[in-house]
Amino acid sequence: MLRNLLALRQIAKRTISTASRRQFENKVPEKQKLFQEDNGIPVHLKGGIADALLYRATMILTVGGTAYAMYELAVASFPKKQD
C-alpha cells in the first residue's frame, strides 16, 4: 500500500511540474512591432501570405454566396408556368 502511494506521489510530481521542458523565444515584441508599423497595409493583411490567402478565399466565398442567394431568390420569385 505504501509503495503504491509513493509511486502515485512520484507520478503526480512529474505531471504537475512547474519546470518547462522547452524554452520558447518570446516573439510578442516582434509581432507588436510588425502590426503597429504604419506602412499602409490593413491590419488584417499584415500577417503575410497566409492572411492574404484567407482574406481572398473569404471574399470569394462571400461574393459567390451572395450571387447564388440572389439567383435562387430570382428563381423563386418567378413561379413556373402551368401548361
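A salt bridge is a side-chain nitrogen of Lys or Arg within 4 Å of a carboxyl oxygen of Asp or Glu. That cut-off matters for lysine 46 in this predicted model, where lysine 46 is buried and yet has no salt bridge. The nearest side chain of opposite charge belongs to aspartate 38 and is 6.1 Å away, so the pair does not count as a salt bridge, which requires a distance within 4 Å.

**The chain as a whole**

The chain contains three helices and zero strands, and reading along the sequence gives the pattern α-α-α.

**The surroundings of lysine 46**

Lysine 46 is placed in the loop between helix 2 (28-36) and helix 3 (49-77). Leaving aside neighbours within four places in sequence, lysine 46 is in contact with Leu34, Phe35, Gln36, Glu37, Asn39, Ile41 and Asp51.

| Backbone oxygen | Distance to the side chain of lysine 46 |
|---|---|
| phenylalanine 35 | 3.2 Å, to a polar atom |
| glutamate 37 | 2.4 Å |

**The annotated segment**

An unreviewed UniProt entry lists residues 53-71 as "transmembrane region". In the model, the span of residues 53-71 is 100% helix and 0% strand, and its end C-alpha atoms lie 27 Å apart.

Notes
Residues numbered from 1 in each chain as written. Predicted model: local features only at pLDDT ≥ 70, side-chain atom pairs only at ≥ 80, totals over all residues. Heavy atoms only, no water. Helix = DSSP H or I, 4+ residues; strand = E, 2+ residues; numbered from the N terminus. Buried < 20%, exposed > 50% of the residue type's maximum accessible area, 1.4 Å probe, protein only. Lys, Arg positive; Asp, Glu negative; His and termini not counted. Polar contact = N/O pair within 3.5 Å; in protein donor to acceptor, adjacent residues only side chain to side chain. Contact = heavy atoms within 4.5 Å. UniProt positions renumbered as here; feature names shortened; annotations may be inferred.
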